[in-house]
Amino acid sequence: MTKVIFFTDITKLPDALTFFSLESFAGKKVPVKLHMGEKNNPYFVKPDLVKDVIVELKKAHTDPFLFDTTVAYHGSRHTKIEYQNLAKLHGFTRKNVGCDVLIDDSGVPTVVEGRTYEVADHLKHSTHIFTLSHVKGHIQSGMGGAIKNFGMGGVTKETKIRIHDSSYPVYQKDACTYCGVCAEICPFHAIKVNDDIWDYNEQKCFGCGACVDSCSSNALTYQDADLQFLLACSAKACVQEKTVLYLNELKRIAKGCDCDPNAGPIICPDIGYLLSDDPVAIDKASLDLIHKVKENVFLKVNKVDPLKQIKYGEKIGLGSSSYELLKL
Ligand code: SF4
Ligand code: SF4
């Protein structure tokens, strides 16, 4: 069964790493995939933690570098230069973390489950990857962890846009019974139902797909597919046939994502760190630990079930949701 190592004190990181074969990373150039934070969002993984990871990777005779991709929307991470500047502002410099910081903008088409995902060049051309994911809520996928770190963060702008747009609802008037369930479930009040009028405000819609999932009459379908399915497929495109270690940080767990300048309040007390070689297992273990403290918190605050990305991940062979939790 997949091992997931749980520890609350980061000084236990070297002990946690002994459960996995870090020896195979020796001699490799290793991207450390992480989100280096959005402007005005204070919750991202901090340089001190990154430095600890880099120290361990160097002890294992690897040549690590911090790595992330540019984003589709205009703002402080739209271009490589903008993102480099923001990363520097957030403390991600060679002096602070002990390695170079690289931002990628181009990718290699990779097919998973019949769709093409453009995987960032630096990930595609690496055989070994280390991943650092801050676990938090997300407006479209309920939660973001290791799967989302790759599924959205490991691909080009074009693929990001396609995934973001995938879950917007398409309405079939003939099938609608005007029950109003979709309007009740929509976290952003983008749908109104009165008697025999179904009204949708695209400007208010964030494409979470919750309305589609709630409609038992098949009057709503996805533009393309469930966003969480595409996230899992995109993550698989990034990591398949590679050796990858995943470190999830369960601290500063906010309602919204690291990419959101208004990520909202902290919704769960700090829990600690998880380490695994399986993205599905580590996200499931993260969710289980969070649920022990705050039951169904992501579903409650974001109205989107985060378990879906884990189930899809397991279904397409990205990893296993069965795991053995070992506490240090
Ligand atoms: S849930 Fe479906 S059937 Fe009910 S109002 Fe919405 S679209 Fe129509
Ligand atoms: S996709 Fe989400 S935000 Fe958009 S209308 Fe449906 S429930 Fe509301």
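User: How do the residues of the shell around ligand 1 divide by class?

Analyst: Happy to start there: the shell has 8 nonpolar, 3 polar and no charged residues. The classes work like this: Ala, Val, Leu, Ile, Met, Phe, Trp, Tyr, Cys and Pro are nonpolar, Asp, Glu, Lys and Arg are charged, and the others, Gly among them, are polar. Keep in mind that this is a predicted model, where local features need pLDDT of at least 70 and side-chain atom pairs pLDDT 80 or more, while totals for chains, interfaces and linings use all residues. Residues are numbered from 1 along each chain as its sequence is written, chains are lettered from A and ligands numbered from 1 in the order in which they are written, and side-chain values use heavy atoms, without hydrogens and water.

User: Which residues surround ligand 1?

Analyst: Ligand 1 has around it Cys 176, Thr 177, Tyr 178, Cys 179, Gly 180, Cys 182, Trp 198, Cys 215, Ser 217, Ala 219 and Leu 220. To be near a molecule, a residue needs a heavy atom within 4 Å of it.

User: What makes up the surroundings of ligand 2?

Analyst: Ligand 2 is surrounded by 14 residues, and the closest are Cys 186, Cys 205, Cys 208, Gly 209 and Cys 211. By class, this shell holds 12 nonpolar, 2 polar and no charged residues.

User: How many disulfides does a search of the whole structure find?

Analyst: The search finds 0 disulfides. The test asks for a pair of cysteine sulfur atoms within 2.5 Å.

User: Why does Cys 182 count as buried?

Analyst: Cys 182 has a relative accessibility of 8%, so it counts as buried. The scale calls a residue buried under 20% relative accessible area, exposed over 50% and partly exposed in between, with a 1.4 Å probe and protein chains only. Cys 205, at 13%, is therefore buried too.

User: And why does His 189 count as exposed?

Analyst: His 189 reaches 54% relative accessibility, so it counts as exposed. His 189 sits in the loop between helix H8 (181–185) and strand E11 (191–194); helices (H or I, at least four residues) and strands (E, at least two) are DSSP runs, numbered from the N terminus. His 189 also has a positive phi of about 55°, although it is not a glycine.

User: Where is Asp 196 found?

Analyst: Asp 196 is also in the loop between E11 and E12. Its relative accessible area is 53%, so Asp 196 is exposed.

User: Why is Phe 67 called buried?

Analyst: Phe 67 has a relative accessible area of 0%, so it is buried. Phe 67 belongs to strand E3.

User: Why is Asp 9 called partly exposed?

Analyst: The relative accessible area of Asp 9 is 37%, so Asp 9 is partly exposed. Asp 9 is in the loop between strand E1 (2–7) and helix H1 (13–17). From Asp 9 to Gly 27, the C-alpha distance is 28 Å and the separation in sequence is 18 residues.
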